[in-house]
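The stops below go through pockets, a helix pair and the parts to treat with caution.

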Amino acid sequence: MSLYPILWAADHAPVRDAEERAILVALVIKGDFDGCNCFRSYKTLAEKARVDAKTAGRRCREMEQRGILKRQEEHRSKAWLAIPEEQRPVIWEVMIPAEWWSPAQLADINDQRAGLGRPPLTPANRPAIAPAPPKKTRTDKGTKRPKKVDQSSDPGTTSPGGTPGTDSPHPQDSQSPPPGLVVPQPSESPSESPPENTPAVADAVGKGAGGFASAGGRDGAAGETGEAEGGSAASGTKLPGQRKRSPRPATTKTRPRKESPGFELVRAAIPAAVARPGTRLFPGLHRAINDLLDGNAAAGIPRRTPEQVIARINRRWYGEDADTRSAPDYRGCDRCTASGCTAARRDLEAPEGCDRIKNRNSWLSAAILTQDCADPGCEDGQIIGGEACHACRERAEERREAARAVAAASAKLQADTEALATARKAVDEWTAAEAAEENRLRAELGRAGMYGVMLDHRVGQHMAGWRDRNPRPAAPAARGTNERQAVGA
C-alpha cells in the first residue's frame, strides 16, 4: 500500500459519483506505490464500498472504458499468482497520470520501478484522463410536487368507531387506558407511600413553593434548608452567589530563598556585563552561587568561601575571555550573525564548534559549576583547604606530553614536506634540462640534413652519454606516505 494512489483516488480521480470513488479507493488500498497490482474480488469491493457485487463489477468496467483502470497483463505480483487460478480476480492498473506527480516524486517512483524491472512512467504510458461525464438529469426536474393533505387537522376525519380524531392503533377496551396524555402516578413503593391520614401528593399540584410540604410530602429540597416548610424561596432568604473557578491553575506561593552568608560579597564581584549592580540576578546564576556557598551534597558540590567563589568566577569569566566572546560584534564562526548563531557550541565533543557566548548569565551559571576534575573538592588544581590536586597535576603533565608529541610530529611533517618539495623541484629541473638538450640536438642535426632512423639513433647515443654525465636525482616518496610516517613517528 502507498499513500500516493490513495490520495489521487480520494481527491483527484475523475470519478462520476460517490460509488465510483468508494470502489476506486477500496481497490488502490491493496495496490503498489505506482498504481499497479490492484486486485480485489467484486464481492470484497462491494463490502468495502457498501454496494452490490454486480454494481462493483459494472463500475470497474465503466472506469476501464474511461481510462481510469486498465487490465494488467505484465509484472503481476507473487501474491496474485499464489491465488488458485479459478479464484483469481481481475488485476487492475490504476492509470494515475504521470503529470500528477511532481518531478521529484516521479523520479523516485521510476527509480523504484527500475528496481522491479518495470518501465518508467511517462506521459505516453500514463496520459491525462478526461473529466468525468456529467450526471444524468432527472426526468421530473422542474415538475412541482403535489401538495400533501394534512388529515390530522381535518375536522371531518373520524376513527373507525365514529369518534372524531386520529386513528389509534390501540384497541378500545375496558382494560386499556383511553388515548391521549397519561398523568404519571405517585410511586407505590413503601418508602414513599403517604400516611393514611394525609391527602395524596397529587393534591399539591398547582400550589406555591411550599405546596409539596403542605400537601404532606416528606422533606425534600425545601425541607433540607432548615427554613420553614416552604424552604428558602418561601422565607425570602437570599442565597450567596456561586463562586466561579478561574481556568488558570492556582499559583503556588513559595518563600524567597534565604541568602547564603557572603552572597552580597559575591554579588558585588560579578562582572557588570553579566549583571549591573543593583539589578536582580538571573535565577540560575543566583542558585549556582548559593550552591557554591552552601554546598550541595546531592550534586557533589562542596562548600566554598566567598573569596573562593569570587576567584572561581574571575578565572572562568576573564580566563576564558568571556567578555570578548559575548560582545555583539564577536563572530565565533562563519555562521554567526548579529542576531545569533545556529552552529553547534564548542565543547569536548565538538572542538571545532562556535565559541560565541549567546547568553552571559546562563554561560556563567554553567561555567562556575563545571568541574573538570573528578575530585569535587578540587578548585582548578588546588584541593579546598589542602595541597595541590595530584589528578590535575597528572592530567596537566599528560596534556603537556601530548602537546610536545604533536609539536614534534608537526615539525617532522614540515621538514619532510620541505624535503619532498626540494626533491620534486630537482627532478623537475633535471627533466626540463633533458628535454632541452634533446630538442637542441635534434634541431642541430636536422639543419645538417639528418632525419629518420639515423636521427633517432644519433640522438639516442648522445642522450645516453648526457644522462651518464648528469644522473637523474632520486625520485621523492609519495606525499601521503611521507605524512603518515611523520605523524606515526
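A pocket is found on a 1 Å grid over the protein atoms alone, as an open set of points where a 1.4 Å probe fits, with protein on both sides within 12 Å along at least five of seven lines; its lining residues have an atom within 4 Å of a point. This is a predicted model, in which local features need pLDDT of at least 70, side-chain atom pairs count only at pLDDT 80 or more, and totals for chains, interfaces and linings use all residues. Residues are numbered from 1 along each chain as its sequence is written, and side-chain values use heavy atoms, without hydrogens and water.

**Second largest pocket**

Select K70, E74, H75, E93 and R113. Of the 14 lining residues of the second largest pocket, these lie nearest its centre. The pocket's volume is about 250 Å³, a volume being the space filled by probe spheres set on the points, with grid points joined across faces, edges and corners. Its lining has eight charged, three polar and three nonpolar residues. In these classes Asp, Glu, Lys and Arg are charged, Ala, Val, Leu, Ile, Met, Phe, Trp, Tyr, Cys and Pro are nonpolar, and the others, Gly among them, are polar.

**Largest pocket**

Which of them gives the most? α13 does, with four residues. The lining includes 12 charged, seven nonpolar and three polar residues.

**Helix pair**

Now show α14 (residues 390-447) and α15 (residues 452-469). Residues of α14, including W430, L441 and L445, meet residues of α15, among them L455, V459 and W466, in contact as heavy atoms within 4.5 Å. The contact residues comprise eight nonpolar, eight charged and one polar.

**Confidence**

Finally, colour by pLDDT, the predictor's confidence in each residue from 0 to 100. The protein's mean is 78, and 74% of its residues reach 70 or more. Select 153-171, where pLDDT stays under 50 and the model has 13 contacts beyond four places in sequence. Residues 482-489 also stay under 50, with 10 such contacts. Where pLDDT is low, predicted coordinates should not be read in detail.

Methods: Helix = DSSP H or I, 4+ residues; strand = E, 2+ residues; numbered from the N terminus.
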